[in-house]
Amino acid sequence: QIARIALADLSALKTFDPPLTSLRGATVDDIGRRGKFIIWSLVSADGEPVYLVIHLSRAGWIRWINNPSNTPPKPGRGPLALRLAFADAGGEIVGGVDVTEAGTKKRLAIYVVRDLLDVPGIARLGPDPLATDFTPAVLDAILDEAGGKQIKGILRSQSIIAGIGNAYSDEILFAAKLSPVTLTSRLSDDEVERWRGAAGAPLH
């Protein structure tokens, strides 16, 4: 359970209802990912589902701490954005996490929502290439709709394919032996399969 919550960077919190403090006493049920968003699925103290969603941007980290400090952090220009402390069923603190971001310009984002589609970035995401439902038919539809666009641009667009972005698209194209300026309309069946394999997408 979440025993303590300390927000050190108010600008990182992008939502207000439900409040961040409502997560106190919530139980962590699952942790997953949608695109570049890390999703904590929680059950609140009153038994309702709620989500803590974190986007780490370019320089964010989530660090496990065995003995999280009980001293409230000072708001300011430091790297800490959010600190959570966890307790077992007996109320004993068993560890925690610090959500931090290096640099002076903070892009990290934190959301507390009852519905994941209340996070604007998640609502705009396309299908995830690592999901089991990312079938060849789904990819074929994406390529057909893309028309004659360059494959690099398709891979970078989160609204078309979620979670790849700039750096991973370069690695995927290198592994698939494809030029980033290749037009999607000119991809052969073999090139599409090479792309699927390099991206880690299901083959069937």
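The largest pocket is lined by 17 residues, and K36, G163, I164, G165 and Y168 lie nearest its centre. A pocket here is an open set of points on a 1 Å grid over the protein atoms alone, with protein on both sides within 12 Å along at least five of seven lines, and lining residues have an atom within 4 Å of a point. This is a predicted model, where local features need pLDDT of at least 70 and side-chain atom pairs count only at pLDDT 80 or more, while totals for chains, interfaces and linings use all residues. Residues are numbered from 1 along each chain as its sequence is written, and side-chain values use heavy atoms, with hydrogens and water left out.

Helix α4 (165-175) gives the pocket lining its largest share, six residues.

There's also one cavity of 30 Å³ or more, a cavity being a set of points where a 1.4 Å probe fits but cannot get out. Among the residues lining the largest cavity are L139, L143, V192 and W195.

Here is how the two spaces look side by side:

| Space | Volume | Nonpolar | Polar | Charged |
|---|---|---|---|---|
| Largest pocket | about 390 Å³ | nine residues | four residues | four residues |

Now for the helices. α2 (residues 136-146) and α5 (residues 189-199) pack at about 115 degrees, axes 12 Å apart; angles run from 0 to 180 degrees between N-to-C directions. P136, L139 and L143 in α2 meet V192, W195 and R196 in α5, where contact means heavy atoms within 4.5 Å. Both α2 and α5 each supply at least two residues of the cavity lining, too.

Note on methods
Helix = DSSP H or I, 4+ residues; strand = E, 2+ residues; numbered from the N terminus. Points joined across faces, edges and corners; volume = space filled by probe spheres on them. Nonpolar A, V, L, I, M, F, W, Y, C, P; charged D, E, K, R; others polar.
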